[in-house]
Amino acid sequence: MTTQVGELLTTDSVLRIRGGVLLRGEVGVNGAKNSALAIMAGALLCSQECRIRNVPNLVDVHRMGQVLTALGVKVRYDRGALELDVTHLHRSLAPYEIVSQLRASFFVIGPLLARLGVARVPMPGGCAIGARPVELHVRGLQALGAVVQIEHGMVHAYARKLKGANIYLDYPSVGATETLMMAATLAEGETVIENAAQEPEVVDLANFCRSMGAKIRGAGTKTITVVGVPRLHTTEYSIIPDRIEAGTFMVAAAITRSDVLITPVIPEHLTPVIAKLNEIGFQATVEAPNGVRVQPGAGVYQGTDIETLPFPGFPTDMQAQFMALLTLSEGSSVVTETVFENRLRHVAELQRLGANIRVKGNHAVIQGVPFLSGAPVTATDLRASAALVLAGLAAQGETVISGLHHLDRGYERLEEKLRSLGADLVRVAA
Ligand code: EPZ
């Protein structure tokens, strides 16, 4: 791996934000983190070289690069372009020290098994937002004819040749859909995945695999059909824009009552976010050719209820950011997190800023307050860190955020981009 992410790395710095500043202008969105990670795993299916463009410069992307390097892939990252030479893929063991830091690296299990007939990948273990089990991945691989054993925290999977099968997923898991779709591309015969995840990142991965010659139909619907092929060929592919980064900037505009244009976006990926902002009272509009503009509304911002669901429902990765926004909306709102069992940890930090929130199980009841006041707070996970930045932009006085290693996992140059819109924030040594 040749490049380094963010010199002033995370562990020894904090973000100081002076709130109450109006934002204005246009802000750019990078390629989608959750597409990049899956597509990097998907590149293992190819037996030649792949060139992937619009890859964000993030800690998680570099960690996935380290996993691929450990498997024998030559990885070169240069200003958003990733060159992956998979010709010499030969190791089937993914290193624990990286998989334990990056859950998405578990997704290499499908492509490794399909390419090498053996894969040894550590159980990713839980994280801040939930237990995150992988039984749907394992059961699906077994349905494709793999022998899978879990010993000493390691998933060992073997298959001389995977065979197509009909697989029904108990839950439309993004990761399990991606793992099984990738494994099926080189299997013998046809695979049908029912109750599949429909997220745009699943579609992007399918399009990437198809650009290498895979036969995949129905990505983006509940039923994905894959007809196996003997091998895949080289490709050059560009990743979709990050809908969650775009959504985060849309909430930044709303929470500061500002007028901001966010580009590039694919509007259909943002439908629930646009709908909820308009419901609260903002003006969120699609602006050709590939932008979305958020502007203040008539001035009364009404609370609303949000329930996170798999796509096309309201994205769980936008829940924390909207909770920050609803703390300053009139009346009460109920936010219900249905996708992850432990994704309300930002509530305590928002309360430190003066928010009025009560949690009951996976529901958070928010009573709008007239203002937030700056305070020292700590990020607990990636999207929680984004929510604290947004609350800090609106809060009176100074907010100081620590735990930035979470933020750097999923946002490239966030504070620089916000500063370009006029925000008053700086990263300093702790
Ligand atoms: C992907 O995680 C994203 N990560 C997550 O984004 C996102 O929150 C999530 O999808 C849902 O949209 C990447 O793409 C790298 P799931 P993934 O499998 O694939 C349960 C962010 O902030 N489940 O759809 O791990 C699981 O525990 C991150 O960018 C099982 O029970 O999500 C969870 O409760 C966070 N068994 C639910 O399904 C399984 O075998 C959804 O998980 C698999 C999942």
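Here is a walk through the cysteines of this predicted model and one of its helices. Residues count from 1 along each chain as written, and side-chain values rest on heavy atoms, without hydrogens or water. Because the model is predicted, local features need pLDDT of at least 70 and side-chain atom pairs pLDDT 80 or more, while totals for chains, interfaces and linings take in all residues.

Let's start with the sulfurs. The structure has zero disulfides, a disulfide being a pair of cysteine sulfur atoms within 2.5 Å. Cys46 has its closest cysteine sulfur in Cys50, but at 3.9 Å that's too far for a bond. For Cys209, the nearest cysteine sulfur also belongs to Cys50, 9.4 Å away. Cys46 is buried at 0% relative accessible area, and Cys209 is buried at 0% too. (Buried is under 20%, exposed over 50%, partly exposed in between, using a 1.4 Å probe and protein chains only.)

Cys127 is another story: it is partly exposed, at 32%. An unreviewed UniProt entry lists Cys127 under "active site"; such annotations may be inferred rather than shown by experiment. Cys127 sits in the loop between strand E6 (118-122) and helix H5 (135-143); helices (H or I, at least four residues) and strands (E, at least two) are DSSP runs numbered from the N terminus. Beyond neighbours within four places in sequence, Cys127 contacts Arg103 and Arg132, contact being heavy atoms within 4.5 Å.

Now for helix H4 (residues 109-116), which is mostly covered, with six of its eight residues buried. Those buried residues, Leu112 and Leu113 among them, pack against helix H1 (33-42), E6, H5, strand E8 (154-158) and helix H6 (174-184). After H4 comes Gly117, with a positive phi near 80°.
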